[in-house]
Amino acid sequence: AAGGGKILKVVQTYKTDTFSEQVSQGNETADITGLTASITPSSATNKILVMFDVAIGGQNNFRFGLTLYKAGSVLTASTGDADGSTSRVTMYGSTMAADRHFGVSGKYLDTAGGTSSITYSLRARHGNASDQYIYINRPSTMYDANYGMKAASSIILMEVAT
């Protein structure tokens with residue numbers, strides 16, 4: 001039998017293409033296409049270490065948040081505490097300009113809770129007024145030149161024996 005702390009499975013999804021969706025303030029995108037990962041735990045008591053790195057872009061002074069989902073529902077324990085009408089997200093940040101995107105990383109240690117396949121996904125929101133586009137793996141303003149850049153994003157799941 002595996003001892004506690006051993007890594008039993010590793011799953012990675014690596015997204016190199018871009019994603020964009022227009023959302024209004026206070027709403028989230030759908031799951032970010034190509035940035036979901038599934039794992040089938042061998043024990044319900046084992047832990048799932050979720051790690052993600054996401055390149056996100058938007059307009060000037062664009063405030064954004066990423067929320068971690070488990071099986072289609074917000075993984076509430078991975079978000080900040082409720083406080084009035086503020087948005088509860090897993091990680092947040094902001095871009096300085098429309099021609100830049102920002103790298104956001106996060107980690108969360110979840111309890112498997114079963115032995116069926118579990119899908120983890122990410123959704124994005126913004127804190128700017130009106131409808132705004134959220135971009136993944138590219139800035140809002142793209143330059144077709146050597147100073148224009150695109151990035152890649154990933155989500156990694158590790159099953160950890162307890």
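A pocket, in this tour, is an open set of grid points with protein on both sides within 12 Å along at least five of seven lines, and its lining residues are those with an atom within 4 Å of a point. The model on display is predicted.

**The whole chain.** Please begin with the complete protein in a cartoon view. Its secondary structure amounts to 11 strands and zero helices, and the order along the sequence is β-β-β-β-β-β-β-β-β-β-β. The radius of gyration is 17 Å, close to the 15 Å given by the globule rule for 162 residues, so the protein is as compact as a globular protein of that length. Turned along its principal axes, the C-alpha trace spans about 55 × 40 × 20 Å.

Of the 162 residues, 41% count as buried. Among contacts with a separation of 6 or more, 83% join residues 24 or more positions apart.

**The largest pocket.** Now select Ser-87, Val-89, Arg-125, His-126 and Gly-127, the residues nearest the centre of the largest pocket, which has 14 lining residues. Its volume is about 210 Å³.

**The lining.** To see the strands around this pocket, select β5 (63-70), β7 (91-94) and β9 (118-126), the elements that each give two or more residues to the lining. Which element gives the most to the lining? It is β5, with three residues. Finally, colour the lining by class: nine of its residues are polar, three are nonpolar and two are charged.

Terms used
Residues numbered from 1 in each chain as written. Predicted model: local features only at pLDDT ≥ 70, side-chain atom pairs only at ≥ 80, totals over all residues. Heavy atoms only, no water. 1 Å grid on protein atoms, 1.4 Å probe; cavity = no way out; pocket = protein on both sides within 12 Å on 5 of 7 lines; lining within 4 Å. Points joined across faces, edges and corners; volume = space filled by probe spheres on them. Helix = DSSP H or I, 4+ residues; strand = E, 2+ residues; numbered from the N terminus. Nonpolar A, V, L, I, M, F, W, Y, C, P; charged D, E, K, R; others polar. Rg over C-alpha atoms; globule rule 2.2 N^0.38 Å. Buried < 20%, exposed > 50% of the residue type's maximum accessible area, 1.4 Å probe, protein only. Contact = heavy atoms within 4.5 Å.
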